[in-house]
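Here is a report on selected features of a protein model.

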Amino acid sequence: MRTSAGPDASSALPEHPRRTPALPVRSALFLVLFFFYVWLRVDPGLVYYAHMITADFPFFSRNAAFLADLLAYPGGVVEYVSAGLSQLYYYSWIGALIATAVAGLLSLTAWLLVRAVTGRPPRFLHFVPPVLVLVCCGRYAHLLTGCMAVLSATAAACLYVWLPVGVPSLRFAVFLVLSCVLYYVAGGAYLLYAVVCALFELFRWRRRVLGALCILAGAAVPYVIGRHVLLVRIADAYGRLLPFRGGRRWQTEVLIACLYLFYPVALLLTMVWRTLAARKRQARDSAQGRVAAGPSRGAAEGTRRWLLETVLVLAAAGAVGYLSFDGGPKALLAIERCSQRRMWPELLAHARRLPQRLYDPFVAWDVNRALYHTGRLRDEMFSYPQDGLSLRPPDPVAAPLDLSQTACMEYSDVLFDLGRVNESERAAYMALEYLGERPAILQRLALLSVARGEAEAARILLGALSQDLILAGWARRYLARLGKDPSLSADEEIGRLRSVMVTEDKVGTPPFEDLLLDLLRSNRHNRMAFEYLMAHYLLSRDLEGVARNIGRLDDFGHRDIPKHYEEAIVLHMAGTDSEVDLRGRSIRWETLSRFTEFCKMRDRHSGDRRRAWDALAKDYGDTYFFYYTFGSSGGTE
Amino acid sequence: MRRALRYVVLVLALAVLAGAAYRTLRGGAVTIEEWTPMGRPPRIRPDYTSTVVPPNIAPLNFCVDEDGDRYCVKVRSSSGDPIEVVGTTGQIVIPPGRWRKLLDANRGEELHFDVYVQAPDGRWSRFDTITNSIAAEEIDRYMVYRRINVMYDEYVRMGIHQYDLENAEDILVLDNRSFDGGCMNCHTFWNNSTEKMLLHVRSGQKDYGMGMLLVQDGVVEKVDARTEFSPRPAAFSSWHPSGRVVAFSTNKVRQFFHHARTEIRDGTDLDSDMGIYLLDSKTVASTAAICRPDRLETWPAWSADGAHLYFCSSPVPWSDRDTVPPEHYEQVRYDLVRIGYDVNTGTWGEAETVLSSEDTGLSITLPRASPDGRFLVFCMSEYSTFPTFQPSSDLYLMDLAGREYRRMECNSDRAESWHSWSSNSRWLAFSSKRGDGLFIRAYFSYVDENGTAHKPFVLPQSDPVFYDSFIKLYQMPEMVRELVPVRGEEIAGVIRSAPWTRSGPPVTAPTPRAASEPVPPSAEGPEAWTPHVQ
């Protein structure tokens, strides 16, 4: 059947690519290296732990309500699948495998599209999408949802361009059917499909009417389906899953925008390049009067060339991967992972290696928890950067909204360890509101409910947690234990919490000092409350507070005075010229001697704070003398 | 190609046959000739035992919490074919069509569940029959509620939903994401009808203002009821039976938290007043008796005939109306008060105390008159204006003829709060934390002609184990007869773009505030915490 506007059905099809085995081999080699690079160098498992500190990482539940919630929006299918796959990043190698698969499929669709639109297979262009994915991985920007949306759109475009139908009306019908399905599946990414299909029709076969119809449909489908069928607002109808809609950092959005733009731009540029090259060749041929047959290349030369090109591609990808890799997020996420898995010595080791510029309050809070849990807070606290805010996060109720959103789970962590179960639960519920039903939050809430004797509420929270892909097993085991013993009286962690919980009810959001003192009133053997109280006094330079509570060391069987407390007592005695009742303990001679030396050096630079800092930081940066003098510790390498 | 297709069809047919055979053998109809009586009722969840259900309710699907390999439940009544549900799990999903027929044919009769469980050795056990009753009177078909997380101070996601009680279908009315994470609360309907309704909204990330969404005959209008004398937006409201007036309270609500109490959250009105919005003239009116500066007035509720406005009123136990928690917050107890009002002339009567907190020793909140005018149901708790945060909160019923009141039979040892009547005055929907102390669920109780409330049942769901993992709350259940005529973008679009209709000046000015306690017009910014009563 012929049409007046275009070629016949058989000629409408793109040429099927000839078998070029060298190309798949190169791609396979690329992807194998890609996988190992992402797995071993990037360690995508770290991204999973970002879910507590950023809303960028999607959460997932097998709950029907979660699915229904997403399916109410265009793009919900892609969001659902991506959220499910994202959970598997918990296992680093599976995360690498997913990233590799997505990169490979994006590369394949690029290859197929360029091949279809230009009539010739690309040699290097199809490596651009996987390299972009590599950059995303190396910058710890979790863009699986965006990549999946692009993949859906380009896969649908491939289906369209390779469609063995040449009749424009039929092609348009197929376009519309694919449009409806794709729009529902991938939301705003549908626009990419419409643009690519239009380019194909316009430039490959010069079907201007069909190309224009594709563009028009691209504009109309989101309006009709999104606005009138799914009843979503216009911004969501067109923009869902498109770049710059997720509220993420702009660098991250630029990366995903590049991926979106790559396909139409690459197709356009290739078309222009091919047209120019063909004209040039034609001009040259007509000038020479014949078609010059190039010298045929031998097999050996072909292999050499293939090898050279392959090495070039891999080297270029490697260079981009190396240059774009950002070690900062990796270091921070490694600390976050250690914190969530309560790997305290490892956390401190990571913190030791962390460049000072990356040492933010989140790290400081984790480090102080780790120092407490490893029994080093009393003696080594000032070996790490400290300032007045580094002991614990602010109460999310009182904090500015942005800090409250990111820090409420950290606050819940500290309060959980301390035994302030009500405040920990309050912060965890706020985290739930901000970040969604993430497994670690549900787990925390379930434990708190059990500790507070609310076994029925704990069961429901565990029921919700059993819909998670990773912690479902833990939740089911815990539910079984609850079934046998609703109070979980034999559980060590629950027992610890119950032993340190406050017993006297008050209301309001008291200062941190009062929270700790209440804990000590309820249980004077609450070691963490005591050490955090002393750390609080140390950081707020309240020497009187330290002196007032030094007698509590008796409750913990300390015969000696821990290093930093001792330093504070020395400062207090020097400042007030008074004695402190140390309950039979004495200040070590070395501490007094160090203090004398410190004062001498400090006095030597008394007029110049900067020089005094430089002179004292090396030898005294890890002492409380230094912190007390300068308001921050100098003890980091 | 054809051969391949044939193979595919064959494999599919075999799969269907195998599935059917498996279903017949394991889950289909079963004849139980012998069984061992267990001598006790089965453990089932949710608790659908000894309750009274409406004849038009969706199937009460439940889960049998007994160990076994197979389960069989026979649902039967006086007439009609019994329904048999057999399965290999304890999850009993009753076919809706047959359920509907059975209930419809047996109004006023008993409804029995016979539960059989088969042990691994093949022997069946039969538990004592569960008996419920089918009321003669239907329940209003829909329940409108707010779905929200357990909330502390901040919110991100919430939605107004509508639940079809006959088909167990949840329908989203408005998701707050559609207007950039704003807040919505206090959906109020006129005479259990969606012809006229109110919804209070407040901006989220973008400033769309705050106020009432007034929906009349499917048309949405934004009404800002704030005035010079009442600078806070309307919160709790009640439609006059005539549909011409809406009574509302303006509340300066704050939340605070307990350190060791099981219910962590608590809340209070630092200040509150009341007024009415006249729909015809689009003006706000008030009278001194409902906005006294020395008292907190809230929870307006019209009587069935519209001649009286009931509300709750408490002396202000604190002098500082900004400090949270306020001093003596645990001493705030509300009286039940009513005031006459003539809707035709706009004249107010005298306020009278119907029930004093001094007499009850408890704080009275949330009065709601039954549409037939016979009863008034309210909450009483140790203190506070927010019963949902008080584990001691229970529902009480007052016979308006003699003003005798009593604790209702449908209470539990945990907080019962927000209740609403069905249009025929026979069903009471209410919020309760009885299941676990934390997650609010909607319950329904049959209230007979004597005012006796029968054992309530939880909102039925299609999935028998739905409540095992659902951590959102069913807040503010309100029963209505019809679907809400507008939803989604039809409402959100108005919130985002339409201008606010400013209410006119007050017809009757309230008592001027004392000079020491001025309320600046901007006292309640968009960041203020507005009522999230759960």
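## Salt bridges: the count

A salt bridge here is a side-chain nitrogen of Lys or Arg within 4 Å of a carboxyl oxygen of Asp or Glu. By this rule the count over all chains comes to 74 salt bridges. The model is a predicted one.

## Salt bridges within chain A

A:Asp326 and A:Arg139 meet through their side chains in a salt bridge, at 3.9 Å from N to O. A:Asp326 is partly exposed, because its relative accessibility is 26%. A:Arg139 also counts as partly exposed, at 31%.

A:Arg585 has a relative accessible area of 12%, so it is buried. A:Asp554 is partly exposed, at 36% relative accessibility.

## A helix pair and a network

Which residue forms a salt bridge with A:Arg527? The partner is A:Glu531, and the closest N and O atoms are 3.7 Å apart. Both residues lie in helix α26 (residues 527–539) of chain A, four residues apart, about one turn of the helix. A:Arg527 is partly exposed, with 31% relative accessibility. A:Glu531 is buried, because its relative accessible area is 1%.

Chain A also holds a network of salt bridges. It links A:Arg342, A:Arg369, A:Asp413, A:Asp417 and A:Arg444.

## A nonpolar patch on chain A

A:Val32, A:Phe36, A:Trp39, A:Leu40, A:Tyr91, A:Trp93 and A:Leu97 make a nonpolar surface patch of about 690 Å². Helices α2 (22–42) and α6 (92–118) of chain A each supply at least two of its residues. The most comes from α2(A), which gives four.

A:Trp93 belongs to helix α6 of chain A. Its relative accessibility is 45%, so it counts as partly exposed.

## Strands of chain B

Is strand β34 (residues 473–480) of chain B enclosed or open? Eight of its eight residues are buried, so the strand is largely enclosed by the rest of the structure. Six bridges join β34(B) to strand β11 (residues 142–148) of chain B, and the two run antiparallel. Within β34(B), B:Gln475 stands opposite B:Arg146.

Strands β12 (residues 158–164) and β13 (residues 169–175) of chain B are also antiparallel, joined by six bridges. B:His161 has B:Leu172 in β13(B) as its bridge partner. The hairpin has four residues between the strands, and B:Ala168 takes a positive phi near 50°.

## A loop proline of chain B

B:Pro82 lies in the loop between β5 (70–76) and β6 (83–87) of chain B. It is partly exposed, because its relative accessible area is 48%. Leaving aside residues up to four places away in sequence, B:Pro82 touches B:Val75, B:Arg76 and B:Arg98. B:Ile495 is 413 residues from B:Pro82 in sequence and 50 Å from it in space, C-alpha to C-alpha.

Definitions and conventions
Residues numbered from 1 in each chain as written. Chains lettered and ligands numbered in written order. Predicted model: local features only at pLDDT ≥ 70, side-chain atom pairs only at ≥ 80, totals over all residues. Heavy atoms only, no water. Patch = residues over 30% accessible without salt bridge, like charges linked within 9 Å, V, L, I, M, F, W, Y side chains within 5 Å. Areas by Shrake-Rupley, 256 points an atom, 1.4 Å probe, with all protein chains shown as cover. Buried < 20%, exposed > 50% of the residue type's maximum accessible area, 1.4 Å probe, protein only. Pairing = 2+ DSSP bridges. Contact = heavy atoms within 4.5 Å.
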